[in-house]
Amino acid sequence: MSDQNPEEVPGKPVGAGENICRRCEGSGRIEGGECPDCGGTGKVITPIGGG
Ligand SMILES: [Zn+2]
């Protein structure tokens, strides 16, 4: 057994998570238009720790 302290890696940032927009599946566009859910980015920010 070693007495060395293992280097702790910082955990994931808490606050919000970036996910692929399900509505447009990450394409950012729907039916040739801009996806209203993600605003055309294809990604949505989902808060963590919600109910
Ligand atoms: Zn979208």
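Colleague: Where is Glu25 found?

Modeller: Glu25 is in the loop between strand 1 (16-20) and strand 2 (29-30). Strands here are DSSP runs of E with at least two residues, helices are runs of H or I with at least four, and both are numbered from the N terminus. The model is predicted: local features need pLDDT of at least 70, side-chain atom pairs count only at pLDDT 80 or more, and totals for chains, interfaces and linings use all residues. Residues are numbered from 1 along each chain as its sequence is written, and side-chain values use heavy atoms, with hydrogens and water left out.

Colleague: What makes Glu25 count as exposed?

Modeller: Its relative accessibility is 68%. Exposed means over 50% relative accessible area, buried under 20%, and partly exposed in between, with a 1.4 Å probe and protein chains only. Glu25 therefore counts as exposed. Its phi is positive, about 60 degrees, although Glu25 is not a glycine.

Colleague: Which loop holds Glu31, and is Glu31 buried or exposed?

Modeller: Glu31 lies in the loop between strand 2 and strand 3 (33-34). Its relative accessible area is 83%, so Glu31 is exposed. Glu31 is also a residue other than glycine with a positive phi, near 50 degrees.

Colleague: How do you know which residues are the protein donors of the zinc ion?

Modeller: Donors are N, O and S atoms within 2.8 Å of the metal (3.2 Å for Na, K and Ca); water is not among the atoms, so sites may look incomplete. The SG atoms of Cys21, Cys24, Cys35 and Cys38 lie 2.3 Å from the zinc ion, and these are its protein donors. Their spacing in sequence is C-x2-C-x10-C-x2-C.

Colleague: Why is the arrangement of the 4 donor atoms called tetrahedral?

Modeller: Four donors count as tetrahedral if all angles lie between 85 and 135 degrees; four count as square planar and six as octahedral if opposite donors are over 155 degrees apart and all others between 65 and 115; anything else is irregular. The 4 donor atoms around the zinc ion subtend 104 to 116 degrees, so the arrangement is tetrahedral. The ideal angle for four tetrahedral donors is 109.5 degrees.

Colleague: Why do Cys21 and Cys24 count as buried?

Modeller: Cys21 has 2% relative accessibility and therefore counts as buried. Cys24, at 6%, counts as buried too. Buried residues make up 14% of the 51 residues in the protein chain.

Colleague: How many helices and strands does the protein chain have?

Modeller: The protein chain has 0 helices and 4 strands, running β-β-β-β from the N terminus on.
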